[in-house]
Amino acid sequence: MLAERPDMFVLVAALLLLGVVLGAVAHLPLPVALTAAAVIGLWLAVFGVRERLARRTR
């Protein structure tokens, strides 16, 4: 059954990981959580821009 729908396994694993991360963030002080969220958001924005530029040059 797992070989038929590997995308569903990835979705379940991602949701499980998201729950663990959100549970850990809930125990952090708000300024630390917001700073971490800003750093991750900035990293994702830089990654997205780099990927877009790389696809344009190909």
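Me: Helices (H or I, at least four residues) and strands (E, at least two) are DSSP runs, numbered from the N terminus. How many helices and strands are there in the protein?

Reply: This is a predicted model, in which local features need pLDDT of at least 70 and side-chain atom pairs 80 or more, while totals for chains, interfaces and linings use all residues. Residues are numbered from 1 along each chain as its sequence is written, and side-chain values use heavy atoms, without hydrogens and water. Helix α1 covers residues 6-25, and helix α2 covers residues 30-57. The count for the protein is 2 helices and 0 strands.

Me: What percentage of the residues in the protein is buried?

Reply: A residue is buried under 20% relative accessible area, exposed over 50% and partly exposed in between (1.4 Å probe, protein chains only). Of the 58 residues in the protein, the buried share is 2%.

Me: Is Leu11 buried or partly exposed?

Reply: Leu11 belongs to helix α1. Because its relative accessibility is 45%, Leu11 counts as partly exposed.

Me: Which residues form an aromatic pair?

Reply: Rings of Phe, Tyr and Trp (its six-membered ring) pair if their centres lie within 6.5 Å; planes under 30 degrees apart are stacked, over 60 edge-to-face and the rest tilted. The whole structure holds 1 aromatic pair. It is stacked, at 6.1 Å centre to centre with 25 degrees between the planes, and its members are Trp43 and Phe47.

Me: Why are Trp43 and Phe47 separated by about one helical turn?

Reply: Trp43 is exposed, at 57% relative accessible area, whereas Phe47 is partly exposed, at 43%. Both lie in helix α2, and the separation is about one helical turn because their distance along the helix is 4 residues.

Me: How far apart in space are Ala37 and Val25, C-alpha to C-alpha?

Reply: Ala37 lies in helix α2 and is partly exposed, with a relative accessibility of 45%. Val25 is 12 residues from Ala37 in sequence, and their C-alpha to C-alpha distance is 9.8 Å.
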